[in-house]
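Have a look at the fold first, then we'll pick it apart.

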Amino acid sequence: MNSFSTFTLLLLLLLPILASCHEKQVYIVYFGGHNGEKALHEIEENHHSYLLSVKESEEEARSSLIYSYKHSINGFAALLTPHEASKLSELEEVVSVYKSEPRKYSLHTTRSWEFSGVEESVAPNSLNKDDLLMKARYGKDVIIGVLDSGLWPESKSFSDDGMGPIPKSWKGICQSGDAFNFSNCNKYYIKGYEHYYGPLNRTLDYRSPRDKDGHGTHTSSTAGGKMVPNASAIGGFASGTASGGAPLARLAMYKVCWATPKEGKEDGNTCFDEDMLAALDDAIADGVDVISISIGTKEPQPFDQDSIAIGALHAMKKNIVVACSAGNSGPAPSTLSNTAPWIITVGASSVDRTFLSPVVLGNGMKFMGQTVTPYKLKKKMYPLVYAGQVINSNVTKDLAGQCLPGSLSPKKAKGKIVICLRGNGTRVGKGGEVKRAGGIGYILGNSKANGAELAADAHLLPATAVDYKSAMQILNYINSTKSPVAHIVPGKTALHTKPAPFMASFTSRGPSAVAPDILKPDITAPGLNILAAWSVGSSPTKLDIDDRVVEYNIISGTSMSCPHVGGAAALLKAIHPTWSSAAIRSALITSAGLTNNVGKQITDASGKPADPFQFGGGHFRPSKAADPGLVYDASYQDYLLFLCASGVKDLDKSFKCPKKSHSPRDLNYPSLAIPNLNGTVTVSRRLTNVGAPKSVYFASAKPPLGFSVEISPPVLSFKHVDTKRTFTITVKARSDMMDSIPKDQYVFGWYSWNDGIHNVRSPIAVKLA
């Protein structure tokens with residue numbers, strides 16, 4: 001009897017292990033690129049043969065195939081057991097096999113263009129012929145591909161009046177679907193999502209490229225939306241001309257992000273590996289010139305298991321510029337997404353526009369806040385409480401001030417202004433909870449990490465957001481006053497505010513956890529409180545209790561800064577159609593600005609000096625990037641050599657890594673990162689003249705604290721356009737300053753080339769071993 005009981009127990013323990021061995025999940029099997037010798041049907045048959053080698057029947061092999069990547073990317077997505085995936089990974093021709101993880105990727109949720117030096121609020125005939133938009137013909141017929149949550153085709157920002165015929169370079173098709181016909185001409189990718197979650201709930205999202213979220217409409221109109229006069233957010237905030245960076249560019253939306261079941265839209269969408277890889281493969285074949293991707297991972301991913309990095313490398317091979325968001329996981333270090341050197345990685349900063357809404361306390365103290373809330377309080381004082389004073393009895397102490405759903409007591413909160421603190425939950429969700437509990441108004445107080453950065457939201461009741469110091473003083477007033485009262489002054493738009501730009505606290509920081517020898521992010525662009533088009537199928541807060549409909553909305557994130565750079569890249573493509581994607585990235589980085597509008601170094605949200613791990617080369621200046629003088633160019637082979645040096649040997653099976661070892665920092669990149677300096681490091685860089693012939697450039701450097709930087713030769717002459725010249729940079733710790741070098745910390749500097757007209761500047765980041 002005992003032996004039978006033991007056997008039964010052992011079987012019960014083994015059952016979950018046996019089940020997991022046979023549990024099928026979606027895996028991507030990646031072979032590298034196509035050589036162009038096979039027809040599309042032959043490629044799919046070839047992929048099917050690999051599945052047949054691990055499956056028990058022809059029927060099972062065919063039914064398990066989700067995507068066959070047939071254009072530039074060679075690989076497939078299929079339902080496999082871990083054992084089947086392991087068998088395929090052992091094949092010599094297979095580069096990598098990796099599992100599609102749900103929630104691995106998520107969205108990184110018009111003054112901005114004017115502030116960046118691309119004037120869009122004037123009539124075309126009043127522009128100087130040297131103006132960037134005129135030179136670029138407004139980006140006419142450059143095609144920008146956007147991977148996102150879809151778009152709202154009826155938005156005025158997407159009007160094609162006067163656009164002329166579709167460019168001959170476009171080779172794509174148009175997909176129809178829910179509330180979307182062929183004439184709307186975009187695509188959607190849902191197979192990976194539906195394999196995991198089952199059939200799409202059509203009340204949550206459209207099974208078509210139509211956007212029911214708002215995010216994709218916002219990003220795509222930021223990159224290439226038409227000029228729309230008299231646009232504003234709800235309540236008339238940010239009124240003016242809304243425009244994308246390249247207003248006559250063509251937009252191709254690839255919908256890859258979908259509503260997550262059983263979660264509110266305010267918490268974001270989900271985007272699957274296999275769907276994004278299919279979209280990127282199609283975008284390359286469709287003939288896009290630029291790809292903008294405001295999507296990233298929660299955790300750093302190795303390049304051979306990162307679908308965005310893989311797809312972007314194939315895009316780069318076809319000379320397509322790829323811009324990606326850096327992520328919203330700041331201010332902690334090493335939180336970046338999308339750090340591959342063939343991607344332009346974009347951080348987020350502010351513009352010189354605010355939405356002022358002060359809080360006035362009963363003792364006369366006034367604290368400046370920001371809001372884009374259209375609702376107003378009567379001109380009188382209201383009772384003021386801290387959320388922790390009006391919570392239900394079941395709320396734990398650590399969540400007392402967070403205003404999470406169901407946490408506030410209507411009996412205690414009714415008729416009062418409630419101050420909630422940032423931390424857990426969403427900003428708009430906290431306001432929704434105050435409204436549910438009968439609060440008359442809402443103050444959102446920053447956490448210490450958020451500093452002075454204020455994200456303006458269209459709340460459902462009178463509300464404003466205040467910085468950390470103000471929040472602490474308001475709490476002190478509440479705790480020291482018998483009957484605290486306050487008033488929230490209605491918001492108003494203010495222009496030319498100073499200092500600007502400053503770095504958003506949410507923007508993810510370097511150094512790169514995947515490739516520390518590449519300085520990332522590359523650049524920063526406007527991402528805080530950005531106005532752009534919105535989906536009529538959504539609401540300004542995305543909360544399910546919000547039934548308001550808007551055509552334009554103000555939101556924040558590196559999702560908003562990325563399409564600014566995508567739009568700028570489209571303008572540069574229009575002016576310089578033969579430039580490589582590396583040349584365009586170099587032009588943007590080396591021409592970027594380091595100072596704010598009061599002439600001082602760009603700061604973080606708390607007013608402390610920011611550094612290249614926040615802003616890369618600096619704040620983007622598209623007009624300067626159009627004439628950079630010199631560029632640091634790089635080829636597809638250069639990136640493969642970089643991968644070899646980084647230990648990724650077989651991302652392209654046709655390329656053999658050299659026997660002589662290289663360092664990843666040998667890549668001809670427009671910046672320099674040295675993560676573990678031991679003694680002296682010398683690197684080589686190559687410059688290409690894209691300015692005037694017979695140019696002479698002189699080197700200068702601002703060394704990082706405690707280090708010396710020597711550039712040799714210090715003078716470079718370029719006889720012709722496209723002339724190339726090589727130089728070396730030698731960095732070493734100064735023996736007389738060893739005590740001043742911070743231990744286990746990066747220090748930053750710059751080196752530049754100047755001909756009296758152009759200043760080609762590159763950032764340096766160094767840390768001692």
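Patches here are made of residues with over 30% relative accessible area and no salt bridge, and nonpolar side chains are joined within 5 Å. One caveat before we start: this is a predicted model.

Q: Which residues make the nonpolar surface patch of about 240 Å²?
A: Start with a strand: β34 covers residues 715–718, and V715 lies in it. V715 has a relative accessible area of 36%, so it counts as partly exposed. The patch residues are V696, F698 and V715.

Q: Is Q402 buried or exposed?
A: Q402 sits in the loop between β20 (382–386) and α11 (410–413). Leaving aside neighbours within four places in sequence, its contacts are L421, R422, G423, N424 and K430. The cut-off for buried is under 20% relative accessible area. Q402 comes in at 8% relative accessibility, so the call is buried.

Q: In β19, what is the bridge partner of V359?
A: Strand β18 (residues 359–361) pairs with β19 in the antiparallel sense, over two bridges. In β19, the partner of V359 is F367.

Q: How many bridges join β31 to strand β35?
A: Take β31 (residues 680–689) from its other pairing: two bridges join it to β29 (residues 630–631), running antiparallel, and V631 stands opposite T688. With β35 (residues 724–733), β31 also runs antiparallel, and V683 has I729 as its bridge partner. The number of bridges between β31 and β35 is nine.

Q: Which helices do the buried residues of α18 pack against?
A: Helix α18 spans residues 636–645, and its buried residues are Y636, Y639, L640, F642, L643 and C644. These pack against α10 (307–317) and α15 (581–590).

Q: Just after α18, which residue takes a positive phi?
A: Helix α18 covers residues 636–645. Just after it comes a phi of about 90°, and the residue is G647.

Key
Residues are numbered from 1 along each chain as its sequence is written. This is a predicted model: local features need pLDDT of at least 70, side-chain atom pairs count only at pLDDT 80 or more; totals for chains, interfaces and linings use all residues. Side-chain values use heavy atoms; hydrogens and water are left out. Two strands pair if DSSP finds at least two bridges between them. Helices (H or I, at least four residues) and strands (E, at least two) are DSSP runs, numbered from the N terminus. Buried means under 20% relative accessible area, exposed over 50%, partly exposed in between (1.4 Å probe, protein chains only). Contact means heavy atoms within 4.5 Å. Patches are made of residues with over 30% relative accessible area and no salt bridge: like charges are joined within 9 Å, nonpolar side chains (Val, Leu, Ile, Met, Phe, Trp, Tyr) within 5 Å. Accessible areas come from the Shrake-Rupley method with a 1.4 Å probe; for residues, only the protein chains shown count as cover. A salt bridge is a side-chain nitrogen of Lys or Arg within 4 Å of a carboxyl oxygen of Asp or Glu.
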